[in-house]
Amino acid sequence: MAKTIYVNQIPITVEHRRVKNINLYIKPPEGSVLITAPRSISMKRIIKFAEEKAEWIARKRKEVQERSRQRELKPPEPKITEEQITHLEEKLLVTKLLT
């Protein structure tokens, strides 16, 4: 069952799973934060871990959010149709034959 904790006003989802270590994830595009931890680790220890990593979490969340914003602003790559490829291949072949 997932629980939410707050560190420096950042919501962090905590899940106890069958894992060996405490794992910290920053997920795009919003920069949501997930901590997975072994079932044997107490919430007190997980909160302490999150507080120790608070500066890193804040920095990485900003980076993830900025990358997502840049992707939204970036125009999509133009698609090349099969017809255009055929035309380019023919043009290249003619160029090779003439040289």
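The legends below describe views of a predicted model.

**View 1. Overall extent of the protein.** Three helices and four strands make up the protein (DSSP runs, H or I of at least four residues for helices and E of at least two for strands, numbered from the N terminus). Their order from the N terminus is β-β-β-β-α-α-α. The radius of gyration is 24 Å, whereas a compact globule of 99 residues would have one near 13 Å (taken over C-alpha atoms; the globule rule is 2.2 Å times the number of residues to the power 0.38). The C-alpha trace spans about 75 × 30 × 25 Å along its principal axes.

**View 2. The open sheet.** Its four strands are ordered β1-β2-β4-β3, with mixed pairing (two strands pair if DSSP finds at least two bridges between them). Because β1 (3-7) and β3 (23-27) each have a single partner strand, one side of each is left without a neighbour in the sheet. Neighbouring strands are turned by 30° against each other on average, direction ignored.

**View 3. The pairing of β2 with β4.** Strands β2 (residues 10-17) and β4 (residues 32-38) run parallel and are joined by six bridges. Ile-12 has Val-33 in β4 as its bridge partner.

**View 4. Two helices across the sheet strands.** Helix α1 (residues 43-52) lies across β1, β2, β3 and β4, at about 40° to β1. Helix α2 (residues 54-73) also lies across β1, β2, β3 and β4, running at about 30° to β3. Axes are lines fitted to C-alpha atoms, for helices over the stretch in contact (heavy atoms within 4.5 Å), and angles run from 0 to 180 degrees between N-to-C directions.

**Notes.** Residues are numbered from 1 along each chain as its sequence is written, and side-chain values use heavy atoms, without hydrogens and water. In this predicted model, local features need pLDDT of at least 70 and side-chain atom pairs count only at pLDDT 80 or more, while totals for chains, interfaces and linings use all residues.
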